[in-house]
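Reader: I have a model open and want to read its packing. Where do we begin?

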Amino acid sequence: MNKKTSLTLIYFIVAFIVLIFLERYFLTQQTLQISYSEFKSLVKEGLVNNLIISKEYIEGKFVNGGVEKIISLRNIKEEKEKSFIKSSKTFYTIRVEDPDLIRELSDRNITYSGKQEVTWVKTLLSWIIPIAIFIAFWSFILKKMGTPGEGLMAVGKSKAKVYIEGETNVSFKDVAGVDEAKEELKEIIEFLKTPQKFLKLGGKIPKGILLVGPPGTGKTLLARAVAGEAGVPFLSLSGSAFVEMFVGVGAARVRDLFQQAEKLAPCIIFIDEIDALGKVRGLSPVSGVDEREQTLAQLLSEMDGFDTKKGVIIMAATNRPEIIDPALLRPGRFDRHVLVDRPDIKGREEIFRVHASKVKLGQDVDLKALAAMTPGMVGADIANIVNEAALLAARKGKQFVGMEDFEEAIERAIAGLEKKSRVINKKEKEIVAFHECGHAIVAASLPNADPVRRISIIPRGISALGYTIQLPTEDRYLLTKSELLDRLAVLLGGRCAEEIIFGEVSTGAQNDLERATDIAKKMVKNYGMSENLGPLSLEQSRMMFLENPWEKKGDYSEDTAKIIDEEVRRIIIESCDKAKKILNEKIDKLKIIAGLLIEKEIIEGEELKKLLES
């Protein structure tokens, strides 16, 4: 129903309601219903006239005080009810069998007439109206159901979004930082372009390619780039799109998806978040899982049934490969797994270059330096940083996006939104300043700690009253025991500085303690770095790319748990003592730097280095 039709219908309904209101309250006189006994009393006294007698009713008018007679017969006391009856000029009553009625009316010279009932109209309407309502209802339902490809009739149809050749608008030049994954997928592109090159040698292209990696690394973008490079249709949908409230819908959608793909071949089917559909069967006790398992079984069957010679390639993406059913991962289904990992410093520089090409950069922007400032970040994070930098520059009225804007955007991504308007009292400001200087001095004094880039006591994010940013000089994939112990000392340096200067600690070190305790536990339970327990890994996590504490399982005795607690406590206390020793040796520098930080609110890493060396 279009907008014009909807407005016309609304106007009609409003006009109809207004007409009924006018007729009810202004165009018709008030008709009073009376009992037959009251009617007989009025007849005896000649208080009615102009009667119309039908088979079921008697209608007429009050005359000569007939209304007052009704009031007296009913013994009405309330003025409101009296005024209502007095406003009535006409009446009606239900007719009963009364052989003497006509004679009494004639004796009292009361005018009366008969009324012929048209029964066939009522009978006809009693049939026509229900039939009309029935037809209108089913017309509405059929309109909603539509043709086999629309409305309710399409519940078993695939919801895949189809991009025909050239519509993806993505190629490999738009994807950076995942060179190894691109090399793996070039073979698929070559097969889709020149399948005979492989078929004449008897080779078979993999049926399915599973893109595995952390969130935001560009798995979906990479799949679209493959379709864009190959110049073939691209059918994209999410794993959750197969599951509905109706039984059998998921399996029907899988069948329809593959039928649709065969018509468009050569093409690529891409299923995002396939773990929503292909989760391991038989593990969940929740009722209603059978529908999902039926959908998965249909997908397995379809993947077995189609031939890659037709030119249909299935691609899927997930960040939880460990929970996918093994039957889906075996050779002949998703038999090639491509890792789309976090980019290294070179990859991050390439990603910055791709996204920065869309904004106006200043002369001072160093993409290599920006890549070094963002260790561990993925493509989605970098895209967000470039966009934030552009917004910050526009907010300041700049013509170009400068290095300062990028640095502020990175700080915002790491520490949160700056809150200069938050008022902090003098005592708390001193505590925060010494706390952050404690982190910075310990970090600058330890050989294995990352260098300090900036100290700030400007509040950021939800609860951070200050922050110390450390940036590694290079990407690290392994950490030694000494590096982890130095990292613990840096985390505890803020709390130790508070204790040394003020003689007590505050609640500001809560996050530091949580992170330090987590590192110490992993050293003891996961990395085998405890002298008392030896080289044992006592806890495994089933999660590959995501942290999920509920999935972790430990298989050890209560005695071992006690030793673990003691070892964690020992490591934390020793790291705290190391931080205190450094701060006590440099207490004068701590006070000078903290005083300067209170005054300036921000100290850069180079300035900190000069202050410590002076």
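Author: With angles. An angle between elements runs from 0 to 180 degrees between N-to-C directions. Keep in mind that this model is predicted.

Reader: At what angle do H17 and H21 pack?

Author: Helix H17 (residues 426-445) and helix H21 (residues 587-600) meet at about 125 degrees. Their axes lie 9 Å apart. Angles of 65 to 115 degrees count as roughly perpendicular and those over 145 as roughly antiparallel. H17 is therefore oblique to H21. The crossing of the two helices is right-handed.

Reader: Which residues of H17 and H21 make the contact?

Author: H17 brings residues including Ala433, Phe434, Cys437 and Ile441. H21 brings, among others, Leu590, Ile593, Ala594 and Leu597. By class, the contact of H17 with H21 has nine nonpolar, one polar and five charged residues.

Reader: Now sheets. What is the order of the open sheet of three strands?

Author: Strands pair if at least two bridges are found between them. Here the order is E13-E12-E16, with antiparallel pairing. Strands E13 (467-470) and E16 (602-604) are the edges, each pairing on one side only. On average, neighbouring strands of this sheet are turned by 10 degrees against each other, direction ignored.

Reader: How many bridges join E12 to E16?

Author: Three bridges join E12 (residues 452-456) to E16. Ser456 stands opposite Ile602 of E16. Helix H22 (residues 605-613) lies across E12 and E16, at about 80 degrees to E16.

Reader: Is strand E8 mostly covered or exposed?

Author: Mostly covered. In E8 (residues 234-238), four of the five residues are buried. Five bridges join E8 to E9 (residues 267-272), and the two run parallel. Phe234 stands opposite Ile268 in E9.

Definitions and conventions
Residues numbered from 1 in each chain as written. Predicted model: local features only at pLDDT ≥ 70, side-chain atom pairs only at ≥ 80, totals over all residues. Heavy atoms only, no water. Parallel < 35°, antiparallel > 145°, perpendicular 65-115°, else oblique. Left-handed = near helix turned anticlockwise from the far one by under 90°. Contact = heavy atoms within 4.5 Å. Nonpolar A, V, L, I, M, F, W, Y, C, P; charged D, E, K, R; others polar. Buried < 20%, exposed > 50% of the residue type's maximum accessible area, 1.4 Å probe, protein only.
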